[in-house]
Amino acid sequence: MSKKRMKIDNINIVHGAWCTVRKSLTIKCFSRLWTSDFKLLTVFPPRLCVIAVLFVNAISTYSQQLEQIGKKDGLKLNGGLNVNQMYRSNAASGIDPYALVVTGNVAANVYGMSIPVSFTWSNQNWTYTQPFNQFSISPSYKWATLHLGYSSMSFSPYSLSGHTFAGAGIVLAPTDKLKFSAMFGRLRKALPGDTVSGFDPQYKRMGKGMKASYTFKNAEVGVHLFHGQDDTDKPFEKMDSLGITPMENMVLGSTFMVRPWQRLTMRGEVSVSSLSRDRRISGATDFNGAATHRYHAAKSDISWSTSIGSIGAGIEYVEPGYETLGAYYTVNDFVNYTLNLATMMLRGKVTMAANVGLRQTNLDNQSDTDQKDIIQNFNVGFTPNEKFNLSASYSNFYNYTHIQTVFEETNTHTEYELLDTLSFTQINENISLSANWQIKKTETAKHSLNGNINFQQASQNQSDVMENADSRFVNASGGYSWARPKQNLSIGLNMNYSRNKTSAGTGEAYGPIFFVRKSLFDKKWRNSLSVSWNGTYMEQESTGNVLTARLGSNYALKKKHLLNLSMAYSQRDRNGSTNSYVTASLGYSYRFGWPKKDTNR
């Protein structure tokens with residue numbers, strides 16, 4: 001058996017290890033070594049690959065509870081093995097109708113340090129996977145947690161917000177009142193770019209920040225600070241010609257929560273972002289240069305709660321141009337107004353909730369597009385007793401967009417010249433209704449009915465193609481179920497219907513589903529049978545139908561071993577032709593855990 005090696009040049013791989021195990025069982029493992037230029041790749045032989053993966057998994061952990069060291073049961077193992085055989089008749093040409101798939105996973109836990117490994121084998125391919133494409137270790141002791149390697153932290157949506165970094169972070173909570181967190185690391189690495197693939201080069205970006213908060217009896221105050229900057233020591237060629245400049249950003253923000261009365265709560269946050277598009281002009285630490293601009297963001301809300309419900313209102317404002325290097329994407333140039341109401345009546349039997357929001361963009365009138373969004377949501381629930389419940393909801397999304405350049409507005413002579421500009425209004429409505437009725441519920445029998453309907457409508461005006469201005473979709477389902485709990489038997493019949501009306505026409509689909517479930521031998525052997533039929537129509541003309549029958553059976557042996565068998569028959573009629581096929585699968589599953597649980601504890 002000959003061994004082939006792969007030559008790798010200029011490939012960017014995330015720090016870590018990954019393996020490919022081919023069908024011939026020759027293992028090739030590629031692992032990036034930690035060097036200054038991050039370009040050194042080595043190819044290990046099969047034996048060293050296995051050793052390397054085990055070693056990397058041992059040192060690359062998600063969380064380690066240091067205070068557990070020395071205690072009993074410090075080592076734990078659990079995992080499983082699955083073997084499945086599948087067969088399908090009428091397989092396409094060139095495809096093997098028989099498939100054998102073996103999957104397994106093992107997870108070792110050493111004093112809270114998790115080391116999972118999984119694999120998949122089939123008669124067509126073989127793969128080995130381990131989840132550590134990026135490595136991190138997060139040891140914790142009592143109220144202190146340390147993050148090393150690749151981690152993500154969030155201070156605020158306006159500063160550091162879930163951005164992954166390679167470095168170190170710390171979270172301290174010595175008391176319930178005081179919390180402190182900090183981070184330092186690389187937000188992104190330098191890349192030369194690829195003009196063929198369309199990827200632009202980028203500077204190496206570093207970031208650091210902290211967040212602290214203290215909780216009083218009826219209040220809470222917090223402050224967060226974030227600083228990010230691009231490294232200009234080794235820029236790639238032609239970056240300036242592409243308009244790519246090194247950026248620098250400093251964000252300072254504060255949060256507060258005040259509860260002057262028990263039922264009244266006020267929250268707020270204010271952040272200021274100083275952003276330099278080219279730090280070479282403004283200087284590395286001077287944020288008063290010509291290339292630096294200061295932006296603001298703020299949000300606040302107030303809520304009042306009573307014994308029958310609550311009412312609240314909020315506002316969020318993000319200045320046009322606001323940006324933070326601590327987030328992958330920042331939405332700016334908008335103001336949101338929200339109002340929400342929730343209440344209960346008749347001793348909790350009736351619940352109602354309403355939310356209304358208004359969003360407006362182009363706050364400084366510098367954009368060619370004005371947009372206004374209105375969102376409304378209403379929900380009502382009625383539960384007179386334990387056997388019956390009814391719920392209804394309505395949502396309405398209203399969007400108005402006006403597009404017209406400033407040049408066009410200032411150079412028109414008559415009102416008729418503005419007819420080509422776009423004033424676009426879109427309305428999306430959604431109405432849903434659902435009900436459940438437990439007709440009878442005793443130790444010997446259960447009878448229940450359920451039903452739901454959903455209606456959606458999208459409409460617009462001043463569309464270039466008027467037939468695309470309206471679409472409606474209706475989906476409804478309902479069913480009846482009957483069960484004998486002592487005999488572990490249940491039977492049900494459901495009906496589904498859908499209708500979609502668009503400019504292309506009106507399409508419909510409907511059909512019944514019948515099912516029977518039966519368990520034997522103290523529920524160790526579970527069986528199910530279902531038969532369904534579904535027909536499709538366009539403009540009330542049949543376009544086809546599908547008949548499907550499924551049989552499933554599984555048997556549990558001592559809770560660790562499971563045998564399962566399933567068979568399905570499908571017949572499809574479409575455009576006057578009939579196609580039928582059978583699929584079958586036979587599987588075995590095994591689950592293990594060590595040490596065994598002591599039921600006497």
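## Close-up views of a predicted chain

**View 1. His-163 sits in strand β12, which spans residues 161–172.** Helices (H or I, at least four residues) and strands (E, at least two) are DSSP runs, numbered from the N terminus. This is a predicted model, in which local features need pLDDT of at least 70 and side-chain atom pairs count only at pLDDT 80 or more, while totals for chains, interfaces and linings use all residues. Residues are numbered from 1 along each chain as its sequence is written, and side-chain values use heavy atoms, with hydrogens and water left out. Is His-163 buried or exposed? His-163 counts as buried because its relative accessibility is 7%; buried means under 20% relative accessible area, exposed over 50%, and partly exposed in between (1.4 Å probe, protein chains only).

**View 2. Here are the neighbours of His-163, not counting residues up to four places away in sequence.** His-163 touches Ser-151, Ser-152, Met-153, Leu-187, Leu-325, Gly-326, Ala-327 and Tyr-328, where contact means heavy atoms within 4.5 Å. Look for Ala-327: it is 164 residues from His-163 along the chain, yet their C-alpha atoms are separated by 5.5 Å.

**View 3. Tyr-510 and Tyr-537 form a stacked aromatic pair.** A pair of aromatic rings is described by the distance of the centres and the angle of the planes. Rings of Phe, Tyr and Trp (its six-membered ring) pair if their centres lie within 6.5 Å; planes under 30 degrees apart count as stacked, over 60 as edge-to-face and the rest as tilted. The structure holds 7 aromatic pairs. For Tyr-510 and Tyr-537, the values are 5.3 Å centre to centre and 10° between the planes. Tyr-510 belongs to strand β28 (residues 505–520) and Tyr-537 to strand β29 (residues 525–538), so this pair links distant parts of the chain, 27 residues apart. Ring pairs also bring in Tyr-497, giving a cluster of Tyr-497, Tyr-510 and Tyr-537.

**View 4. Phe-521 and Trp-525 make another stacked pair.** Their ring centres are 6.1 Å apart and their planes meet at 15°, so the pair is stacked. Phe-521 counts as exposed, at 55% relative accessibility, whereas Trp-525 is partly exposed, with a relative accessible area of 29%.

**View 5. Two arginines lie over ring faces: Arg-88 over Tyr-581 and Arg-359 over Phe-334.** A charge sits over a ring if NZ of Lys or CZ of Arg is within 6 Å of the ring centre and within 35 degrees of the ring normal. Arg-88 is 4.0 Å from the ring centre of Tyr-581, and Arg-359 is 4.3 Å from that of Phe-334.
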